[in-house]
Structures are given as C-alpha cells and as structure tokens.
Amino acid sequence: MTNQLLDKQLIFVTGKGGVGKTSVAAALAVLAAGAGKRTLVCEMDAKGALAVALDTSSLEFTPRLVQNNLEAMAMDTEHALREYLKLFVRVPLVGRLGPLARTFDFVADAAPGVKEILGVGKLAYEVRERHYDLVVVDAEASGHIVAQVAAPRVIGELIQVGMVRDQTRWMLDILEDPDRTGVVVVTAPEEMPVVETIELLDRFAADTQIHTAAIVANRVLPALFDRKESAVVASLDSAMQLLVDAAGPGVRDVVLAAQLTEARRVVGARHLERLRAAVAPGLPILYVPELFTRATGRRVVALVAEALGEELDVA
Amino acid sequence: MVASRSSSKAAPATTLPSGLDALLASKEMVLVCGSGGVGKTTVAAALGLAAAAEQGGRVLVLTVDPARRLADALGVSKIGNVATRVPDDALRSIGISPRGELWAAMLDTKAGWDELISRHAPDDKIRDSVLTNPLYQNITSRFVHSHDYLAMEQLHEVHSSGTYDLVIVDTPPSRNALDVLDAPSRMVDFFGSRLLRWLTVPYRSRLFNLASKPFNQIADRVLGSRFLQDIAEFFILFQAMEGGFVRRAREVEGLLGDPRTTFIVVTTLEASPAHEAGYLVRELAERQYFVGAVIANRVMPAALTSRAAAASATRLAAAAGDLELAAQVAGKLSRAKRGPRTVDAAVVDHVLARVAESFHDVALVATREAERRAELAAVAPQVVDIEAQPSDVHDLAGLLAIVAGMREPAD
C-alpha cells in the first residue's frame, strides 16, 4: 500500500522544525533515484540544509546532478520569476531583472501567495513537462506549509483575471490529484511534534484539497526491554553497590544512560500511540529509528533511506 | 536526573548558574532566539520564572505561540496583547517565595496590527478604512514578516512603557531566525520602495509615465490590473501612516542594539540546530548585537562521555553472562522496598547485558554533543546546559525543573 508513495510525481515533505525534515526528503529522493526514477529534490527555504545533507556545495536554482538519476536544486524566487516571465509572458529579459525583482519582492511580500505560487508553480511545471519522474520537495516547516501549497487556490480566488489566474488551473490539476501529489509529514516521538502533526493534518484537510500521503515518525528509539525488564532497569539503583563492585564506579553513569533512554522511549511510545489514534486509518505511518551514528550528511541520508525503504517495501 | 529528582523536600533550586544570573540581572531586554523545535518558549518562561523568583522586580515573559498547556500554566490567553500576572499562590504552590512579580503575555498578531493602525492613522476615517479593507487581514497576516515585526514592536511597546524591570521575548518560529531582526528595516524599506510609490500613483498618470511602463505592462499581464488596483487602494491608505510607521520601526531597530538588550540563543546539541545556532551567534555579533549566552537544551549528562563509564560498560558486558552477578542483583532487587516483587536472575542478566551494550550508543550521542558544545563555546561568551527532562514541560513545576537542570559545563 505504501510503496505507491514513490510512484507519485510530486511529494512535499514538511514537519515541525528540528524533526529531520530535510534528511527524510533527501532520503526519499535517494530511494527513488536508486529505484531508477529520474528524481529532482528541491529545498524551498534556502537555508542550505539540503546541500549539507547531500554533502555537496551550495545548491542553486539550476538543478545539478548529485548522483545517478538524482538532481538537486534550491528554490529562489527571483530566478523562478525570471524563468516564468521567459516561459509564459515571453518577456525578453536578459540580465537586467535587478530593479524589477526587488520591487517584485515587495509585491510578493505584500500580496498573499505570490511568492509561494512562483515556487510551487516552478515545481508543478517540472512535473507537467515530465522532466522528472518524481519531484521531492524539502518544503516549508509545518507553520508555513499550508500557505505554500494552498497558494494556487488562494491566488485563483483572489485574482479574477490575468495570466496567473489561468495558470493556477493546471497547477491545481497536478497538486490536487492524489495519484500525482502527496504531502509527507515528518514528526518525532515527542509531545510538540506530535501535537503539531495532528493539527497540521486537520488544517490540510480543512484548508486544502491536497492529499496527505504518509507520516514519517523519525528518531524512534528501539524497544530494548519488555515490560518486566523495564521495571528491572528502573530499579537497578537499589543494587548499585553490587554493580559498582563488579564493574567499577563508572557503572552509575552506564545505568543512568539506560534509565534516561528507557524513560525517553516510554514517553515517546505514548506520544506515538496518541498519533496513531488521531490519524485516519488509511494513512501510513513510517517508522525511522534513532540513528546512533557518528556520521553526518550523506551517510545519515543513506541510513534513513534504508529504514524508509524497508517500511515502503522498496528493494 | 532520575536520581536528583528525589530532592523535592529541599528548598527548590531557583538559582540560575552564576553567569546567566549576572546576565539577567544586568539587562532589561532579553531576546530568546534559535531554530524551531529547540524549546525556546519553555526556556524563555523558565528564565522569567527564575528571574522573578530570585532577582525581584517585575518580569514579563512575552511569548509567541506557547503550547496550550504551558499557556494555561502561565495563565495567558490568546486574546489581545494583555499581560497577566502569574499569581504568587501558584508560585508558592511549587515552593517558591518570589521576590518579584512574574507576568506573562502572548503575542496576538491581529490585535497587534489593529493597535498599530489605530496609533498611526492620521484620522478616524483612514483608520476605519484600513481596518475594514478586505485585503487588510489577508495582507497583515503575511506581509513583511508580520509576526516578526510585531514581536519587535511589542518589545518596544512594553519596554518604553516602563512597567517592567526585565522583558524576556520568545521570538517567533521564523523560517530564518534572522528574519526577526530584519523585520524593522524591511518595514522602513517597504515604505521607501519604488513599488509602493508606483502602486499609489493614480492609475491614469501611471499609464503616461514612461519610466514605469515596462513594469506596468508586465505586472498587468501577470497579475491582472484589477488585482493591482485592489492592492493599490489598500496601500494608498497605508501610506498615510508612513511617518509614524517608519519612525517607530527605526526605534524598534535601535532597541536591538541597545546596551540594555541581550540575545540568548537556544539550541539543542543535535547537528542541524547546533549548526544554525553557531551561525546565528556569528551573525548577531556581525551586526554588533550582544549575545550574552547560548543555552543548550535537552542535552545528555556530560558524565556519559567519561572514560570511567566506558570502562565500566565493558566490564559490565563481561560480567553479564556469568549468572552469579545477575543472581546477586536479582536477590537485592527482590528485597528492595520499591521495584519488582519477584525478579528472575535470567531476566536481570539479559537486562545487564543490554544496559552495557546500549551504553555505547548513548555515549556516542553524548560525545557528539560535547563536540558541538565546544564549537559553540568558541563563539559565545558562555554556554549553559539544560539536561533532558523525562517528559515535556507544561506547568510551573516543570519550568522549575528546567531551572534546576541548568548547568555551566566544566571545561
């Protein structure tokens, strides 16, 4: 059921800050590319986290091949505007976009959705032209994502005439088709990320016609102990002297580490339980374990991709 | 932390680490910033609690979007930008006899904009036209990083009111933490922009203005002239308030670099937030703003990186499997007052083996955290740790536990 995820053409990956949204977006892209799909991964907020995750130099608006089948880019409103004008308005703008772009920046800030529609429009355009089999978007965090993906509809309702309005139609055809477009919400087994995820799912359902395709629960601690063992871990303090005699004074910290981790896991499991209870039955939750690794960048993405691959049944 | 929580009968530790205590005592405004999800709001509230408890005076915590239960604990409501006092009784119930007053307020963007318009509108007619303009709400909720600007604006407002001795602001969860700081100058730029002038020139004379003709044509084709007219009408009204807005934005900006202001950067010691925190500290310094401290939230106890612990883990792993130790421990646990009633030696043995084996994973995390802490310590005047709490904080007692969990790590 879940491996349909990579058969979509456009995936927006969002989530509360700090939950690992970029790693998951990069991992999905790596997974798709590995499965032979021509894939584009795009960072929307230009913070540079995607380049770090992919161990590559800063990404630009022009997609760059980062591995076989996988290109990466960073969204940039001015470039998107330039490309848009060239493609659709046929305005011959060679170079001198500076002042126009600066003024445009203010319109974009002022007029709801203009900046968003340029970004989303560019991605939908790549999908429409079938330049790629799959476009994975490291999208805005949960606070801004609805405004981002809902922009074409908002604009369509706000602007009565003009080219932008006409173009919202084909964008919506792509964005609101559940077979082509899906949102993946990344979360973590902690209270705030879970609460925000549940709220975000509600807002998506209420304010957009865009399909939520999956939830990724990231950094899930493995269950090392069953219930009976867990009780033993919690009570090991009362046998501490025996343990110190057997293993030296550092054993206090060893026990503390296990107790901290186990306490965190138990709390996290409760939050995940709450998440499971709140989401629609058909919506898959994909689990990615906490990675105890020294690695950063590409290696982490590979490990996340491996975990997601197992969840998605991708060979 | 599991062990230290038993000390509830002792006087509650509201005392901040000395460096942080000195920082809060010497400043009037504290801007708490950092990337999303690191616990800014909770840390801001905990700092406020400690300052009110120990330093006296009136302390205001201005939050943007607290978790509902934390908001309830502080007694703030989402309506209006009204500050409410956390009752002394509530503080006494967690064992604090406060020397000062703790106040809390929550930023209400809509109410904030309405207030701004009312203050800067030259007359009632313009004020009402703006407030009832259909684009107004849609625009104010998005434009010029509206949240960010209002947070700064509110800081100025409460500071200049002279009502509080210390104001702690929890900055909004921006896409980029620096957006908050740029918000006032964006506001000034906006009023000075060609676009605003162009939009607010009457439509007819715009057509004859050759200089703006190319832009005019493009904008009309792309957005449709009707939409531009709607925006123009709104901004013509808005422009009437230019003087007040610009002056105010400049004052707000000045406040950020004021010697009475300090920034505190909150982060976790995970890769990406720590990286962002380092960047933030350097950027703030670049802008000549004062960063008084970095607070590393939800960190592992530093002792987990010790050689002694690693050596003990290895010895424990070796001892597990020899059932003698497990049997002794099982016997001891069965006799303990609390804990499982019957304990099987095989279960204990399995537990000890797992505890020993999993230690290296946790120690690895602690080691990585120590490296990132060292990187931050190289750019910040002080780094304060807050040990991970077993569960999320949503009451005053939880805030107190955070204060108690603050440490100045030994170098």
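Two residues are in contact if their C-beta atoms, placed from the backbone, lie within 7 Å. Keep that rule at hand for the exercises below.

This is a predicted model, where local features need pLDDT of at least 70, side-chain atom pairs count only at pLDDT 80 or more, and totals for chains, interfaces and linings use all residues. Residues are numbered from 1 along each chain as its sequence is written, while chains are lettered from A and ligands numbered from 1 in the order in which they are written.

**Exercise 1. Two chains in outline**

Task: Find how many helices and strands chain B has, and what share of its residues is buried.

Solution: 
- Step 1. Helices (H or I, at least four residues) and strands (E, at least two) are DSSP runs, numbered from the N terminus. Chain B has 19 helices and nine strands, and chain A has 12 helices and eight strands.
- Step 2. A residue is buried if 20 or more other C-beta atoms lie within 10 Å of its own, exposed if 12 or fewer, and partly exposed in between, with C-beta atoms placed from the backbone. In chain B, 47% of the 411 residues count as buried; in chain A, it is 51% of 315 residues.
- Step 3. Now use the contact rule. Among contacts in chain B with a separation of 6 or more, 78% join residues 24 or more positions apart.

**Exercise 2. Into the core**

Task: Work out which residues have the most contacts inside the largest nonpolar core.

Solution: 
- Step 1. A nonpolar core is a set of buried Ala, Val, Leu, Ile, Met, Phe, Trp, Tyr and Cys residues joined through C-beta atoms within 7 Å.
- Step 2. The largest such core has 136 residues, and Val254(A) and Leu49(B) have the most contacts inside it.
- Step 3. Helix H18 (residues 345-377) of chain B supplies the largest share of this core, 12 residues. At least three residues come from each of domain 1 (4-132 + 142-181 + 256-300 + 388-406) and domain 2 (305-369) of chain B; these domain bounds come from an automatic or database domain assignment.
- Step 4. Apart from this core lies another, of 78 residues, including Leu50(A) and Tyr132(A).
- Step 5. Go back to Val254(A). Beyond its neighbours within four places in sequence, Val254(A) is in contact with residues that include Ala309(B), Leu316(B), Val355(B) and Phe359(B).

**Exercise 3. Two helix pairs**

Solution: 
- Step 1. Axes are lines fitted to C-alpha atoms, for helices over the stretch in contact, and angles run from 0 to 180 degrees between N-to-C directions. Under 35 degrees counts as roughly parallel, over 145 as roughly antiparallel, 65 to 115 as roughly perpendicular and the rest as oblique.
- Step 2. The axes of helix H11 (residues 251-278) of chain A and helix H16 (residues 307-319) of chain B come within 7 Å and cross at roughly 80°.
- Step 3. For helix H10 (residues 240-247) of chain A and H11(A), the axes come within 9 Å and cross at roughly 120°, so H10(A) and H11(A) are oblique to each other.
- Step 4. Among the residues making this second contact are Leu243(A) of H10(A) and Arg252(A) of H11(A).
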